[in-house]
Amino acid sequence: MNCHWRMVTGSLLLLLITGCGGSERPALVEVTGTVTLDGRPLEGAQVVLKPIKVDDPKFQRPARATTDAQGKFTPNAYGDAKGLPPGTYGVGVSKREVVGKLPDNFNTENPALTPANFRLLVPKPYESPDTSNLEIEIAPGGITPDPIALETGGAKPQVESTGKKRSANEP
C-alpha cells in the first residue's frame, strides 16, 4: 500500500508540474506601461487589457495590473509568467474611492448586493476596454503608446451607488 501511495503521489506531482504547461503558452513579451490622468501619474488604478488581435488567436487571455506611485503597471496574463503575447489590446482603467464609510456587511465579491457610494476618480467611459476607445500595441520593444494618457476635461468626479435601489413607494 505504501508503494502504491508513493506512485500515486509521484504521478500527481508530475501531473501538477506538467499540467499547467509552459510549453503550451505563447511567446510572451515582458512590458511595463504608464497611466497618467490629466498629465500626472495615476497611482492605484486598475488596468485591464483585453486582446483584440494577437499573433496567435488561440491565446486570447485578458490581463490585469495595478499602477504604482509613478503610474507604472506590468501586466501578466499567465500567472507567474511575466508578460503578454504581442498584439493589439483594448484598455480599461478604473480608480474609485469610497464616499463616507463602507457598510459593515459590504460584499466585496458582489458589490451590487450592498448599498455604498463610490467616487469615480477616472471617468466612467475609461473603465471598460469596450467603452474606452483606448488601444495599445504590445511589441518586443514595449507598449505603444506610452503613457496611456487619460483626461477628465476638468469635470468633477462622478459618484456612483451600488446595491439595491429603493423604489419610490418603499418605506
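Is D38 buried, partly exposed or exposed? The model is predicted, and in it D38 has a relative accessible area of 29%, so this residue counts as partly exposed. D38 sits in the loop between strand 1 (33-37) and strand 2 (40-41).

**Overall make-up**

The chain has 1 helix and 12 strands, arranged along the sequence as α-β-β-β-β-β-β-β-β-β-β-β-β. It holds 171 residues, 35% of which are buried. Among contacts with a separation of 6 or more, 71% are between residues 24 or more positions apart. Carbon and sulfur atoms contribute 55% of an accessible surface of about 11,100 Å².

**Backbone details**

Most residues other than glycine have a negative phi, and most peptide bonds are trans. The table lists departures from this pattern.

| Site | Feature | Angle |
|---|---|---|
| D38 | positive phi | near 55 degrees |
| N133 | positive phi | near 60 degrees |
| T144 to P145 | cis peptide bond | omega near -5 degrees |
| D146 to P147 | cis peptide bond | omega near 10 degrees |

N133 belongs to the loop between strand 8 (116-120) and strand 9 (135-139). With a relative accessible area of 76%, N133 is exposed. P145 lies in the loop between strand 10 (142-144) and strand 11 (148-150), and P147 is also in the loop between strand 10 and strand 11.

**Surface charge**

D55, D56, E135 and E137 form a negative surface patch. Of these, D56 is located in the loop between strand 3 (46-54) and strand 4 (63-66). Its relative accessibility is 31%, so D56 counts as partly exposed.

How values were computed
Residues numbered from 1 in each chain as written. Predicted model: local features only at pLDDT ≥ 70, side-chain atom pairs only at ≥ 80, totals over all residues. Heavy atoms only, no water. Patch = residues over 30% accessible without salt bridge, like charges linked within 9 Å, V, L, I, M, F, W, Y side chains within 5 Å. Areas by Shrake-Rupley, 256 points an atom, 1.4 Å probe, with all protein chains shown as cover. Salt bridge = Lys/Arg side-chain N within 4 Å of Asp/Glu carboxyl O. Lys, Arg positive; Asp, Glu negative; His and termini not counted. Charge placed at Lys NZ, Arg CZ, Asp CG, Glu CD. Helix = DSSP H or I, 4+ residues; strand = E, 2+ residues; numbered from the N terminus. Buried < 20%, exposed > 50% of the residue type's maximum accessible area, 1.4 Å probe, protein only. Contact = heavy atoms within 4.5 Å.
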